[in-house]
Amino acid sequence: MKKALVLGGGGVTGIAWHLGLLCGLQRAGVPLGDADTVIGTSAGSVVGTLLTAGVDLEQAVARQEHEVAPRQAAPRSGNDDWMAAMAVLADPSVPAQQARAQVGAMALAASTADEERYLARMRSLLPVGDWPSSALRVVVVDTADGRDVVLDADSGAPLLHAVAASCAVPGLMPPVTIGDRRYMDGGVRFGAGADLATGVDRLVVIAPLAFLSRDRIVAEMAETGAGRTLLIEPDRASIEAFGQSFMDPARRPDSVRAGLRQAETLADAVREVWS
């Protein structure tokens, strides 16, 4: 029986909510760290690294509960670039890969932080320097052609670069160089990456932004052919906890607590799928 855990994107608040859910489920006797495959996209790539590295979830939650100052607003140009990218991706008249390639060109042209400074900032989020497990898969998108790529321990990509690329929101963060290619946020493929979990029997998908592309995520899950599946998406209280900006660290305490609370209501459903 093979199990896959898919962790979707969701920014700073998504990381906190993921960790609250995982810790709450662990408290309820349903740990998900024994997954044979962990697929992380954007925020989910950070959480997947923490989980497969065996980080103490109680300590991780405690860090998220630490109060911090609200995030300073991103430069208007960065927000405008991101909104323009979202408009391209949401246009049903443009084929998905073509739309991602257009967004890739926009990401390359955007005025953002220096790539090395961005990598240094991302390094502080990761507990390890090397791939912690062969189970971990990280989803990125090639800026040149819009192709989605799955990186793992055998890909030759450094873990830091893989995770940073998966989190590189177009217009807000710079694309990341791996080899002779530059990659951006895996979240631009929309969905949650569940379709990449092929050949598994049990599938749990945790998607902080499920409300943006729920139908697509459900279709992805159906593609896997898994016998038992479950989509975990934020309830109303969790969405309210996220606030107006998924990148605001001041919303982390509320988001992680919302995840802990929601885990209590989900434990039996997760146990039925996972056990």
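Okay, a definition to begin with: helices (H or I, at least four residues) and strands (E, at least two) are DSSP runs, numbered from the N terminus. With that in hand, take residues 9-14: the span is 67% helix and 0% strand, and its end C-alpha atoms lie 7 Å apart.

Quick housekeeping. What you're looking at is a predicted model, where local features need pLDDT of at least 70 and side-chain atom pairs count only at pLDDT 80 or more, while totals for chains, interfaces and linings use all residues. Residues are numbered from 1 along each chain as its sequence is written, and side-chain values use heavy atoms, with hydrogens and water left out.

Now, which residues does the UniProt annotation "active site" cover? The unreviewed entry gives Ser42 and Asp185. They are spread over 144 residues of sequence, yet they cluster in space, with a largest C-alpha distance of 6.0 Å. Ser42 sits in the loop between strand S2 (37-41) and helix H2 (43-52), and Asp185 is in strand S6, residues 181-185.

Are these two buried or exposed? Ser42 has a relative accessible area of 7%, so it's buried; buried means under 20% relative accessible area, exposed over 50%, partly exposed in between, using a 1.4 Å probe and protein chains only. Asp185 is also at 7% and counts as buried.

Next, contacts, meaning heavy atoms within 4.5 Å. Not counting residues up to four places away in sequence, Ser42 touches Gly9, Ser166, Cys167 and Asp185.

Ser166 brings us to a helix pair. Two packed helices are described by the angle between their axes and the distance between the axes. H2 and helix H7 (residues 159-166) pack at an angle of about 145°, with axes 7 Å apart. Here axes are lines fitted to C-alpha atoms, for helices over the stretch in contact, and angles run from 0 to 180 degrees between N-to-C directions. On the H2 side, the contact is made by Ser45, Val46 and Thr49; on the H7 side, by Leu159, Val163 and Ser166.

Let's move over to H5. This helix has 14 residues and reaches 20 Å from first C-alpha to last, close to the 20 Å expected at 1.5 Å a residue; that expected span is 1.5 Å times one less than the number of residues. Which residues of H5 are buried? They're Ala99, Arg100, Val103, Gly104 and Ala107. Looking down the axis of H5, they fall within an arc of 145°, so they line one face of the helix. The arc is that of the directions from the helix axis to the C-beta atoms.

Met106 also lies in H5, residues 96-109, and is partly exposed at 29% relative accessible area. Leaving aside neighbours within four places in sequence, Met106 contacts Asp81, Ala84, Ala85 and Val88.

Last stop is Gln26, in helix H1, residues 11-27. At 36% relative accessibility, Gln26 counts as partly exposed. Beyond neighbours within four places in sequence, Gln26 is in contact with Pro31 and Leu57. Gln26 and Leu57 are 31 residues apart along the chain, with their C-alpha atoms separated by 8.5 Å.

Terms used. UniProt positions renumbered as here; feature names shortened; annotations may be inferred.
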